[in-house]
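Please read the following report alongside the sequence and the three-dimensional view.

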Amino acid sequence: MNENRGLNRRDFVRGAALLAVATPLGGIGLWGCTQKGSLARTAPGESTNVPWKTTIVAAGEAGDPLIVSGTIYSPDGRTPLEGINLLVYQTDATGRYSTTGGNNRDTRIHGLMRTNSEGRYEFRTIKPASYPNSRNPAHIHAYVSGPNYPEYWIDEYLFTDDPFVTQEVRQKNEGKGSFSSLLTLRRGDDGVLRAVRDIKVERCTNNCTGK
Ligand SMILES: [Fe+2]
């Protein structure tokens with residue numbers, strides 16, 4: 001997955017800008033895509049348009065519907081934080097970031113959330129797939145930022161039932177409970193997969209995006 005880190009913020013924003021041109025409004029969420037370089041950095045109060053709960057795929061997007069939710073906490077792991085940005089992006093159900101470019105620089109499925117007063121976030125999407133002809137586990141990339149927290153990336157969201165997830169990753173997540181980046185999927189009566197991941201915000205170290 002390391003090569004995916006090559007999709008940095010600049011690339012992401014560029015891809016998002018392309019998407020904004022190519023995709024009619026009303027489909028995929030395009031929050032802030034025209035705010036160059038500021039997509040996930042807006043402090044609370046600067047914009048009222050960033051939801052805590054969103055849908056990042058257009059209706060009819062192929063794939064298994066999935067809702068991921070959680071709470072973002074302060075570094076103590078107990079105090080929910082309001083106003084923390086969570087930016088996520090992923091492949092589609094064929095393992096591609098774009099149906100037009102075929103590479104990870106035209107990310108099509110993405111979304112930005114900002115936690116509410118309870119620290120909550122939620123996004124509705126489809127379950128991503130491994131890159132075509134690869135053994136990379138399916139994953140969802142994520143950036144976190146907020147007041148006093150420069151943007152950084154967190155471990156990708158992965159899925160416990162994915163055979164490509166390594167033992168090393170599984171061991172790393174053992175005992176983390178709801179803070180695990182390995183999602184346990186449960187399908188509801190409505191047929192939708194659901195999973196929870198809580199996050200402890202931190203000051204970035206070697207995973208800062210420089211934004
Ligand atoms: Fe990736």
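In this predicted model, the iron ion is coordinated by Y97 (OH), Y131 (OH), H139 (NE2) and H141 (NE2) at 1.8 to 2.2 Å, where donors are N, O and S atoms within 2.8 Å of the metal (3.2 Å for Na, K and Ca) and, water not being among the atoms, sites may look incomplete. Along the chain, the donors follow the spacing Y-x33-Y-x7-H-x1-H. Both Y131 and H139 are buried, that is, under 20% relative accessible area with a 1.4 Å probe on protein chains only.

Residues are numbered from 1 along each chain as its sequence is written. Local features need pLDDT of at least 70 and side-chain atom pairs pLDDT 80 or more, whereas totals for chains, interfaces and linings use all residues, and side-chain values use heavy atoms, with hydrogens and water left out.

The protein chain holds 2 helices and 11 strands, which are DSSP runs (helices H or I, at least four residues; strands E, at least two) numbered from the N terminus. Of its 211 residues, 50% count as buried.

A nonpolar core is a set of buried Ala, Val, Leu, Ile, Met, Phe, Trp, Tyr and Cys residues joined through side-chain atoms within 4.5 Å. In the largest one, of 30 residues, L86, V88, Y121, F123 and Y157 touch the most other members. Strands that each supply at least two residues of this core include β2 (65-73), β3 (85-90) and β7 (149-159), and β7 gives the largest share, 5 residues. Leaving aside residues up to four places away in sequence, F123 touches T54, I56, L66, I67, V68, V88, M113, I140 and Y157, contact meaning heavy atoms within 4.5 Å. A second, separate core includes L87, Y89, L112 and Y143.

| Nonpolar core | Size |
|---|---|
| Largest core | 30 residues |
| Second, separate core | 7 residues |

The largest pocket contains about 300 Å³ of space, a pocket being an open set of points on a 1 Å grid, for a 1.4 Å probe, with protein on both sides within 12 Å along at least five of seven lines, and lining residues having an atom within 4 Å of a point. Of its 15 lining residues, I154, D155, K176, R197 and E202 lie nearest the centre. The strand β7 gives the most to this lining, with 4 residues.

Conventions:
Points joined across faces, edges and corners; volume = space filled by probe spheres on them.
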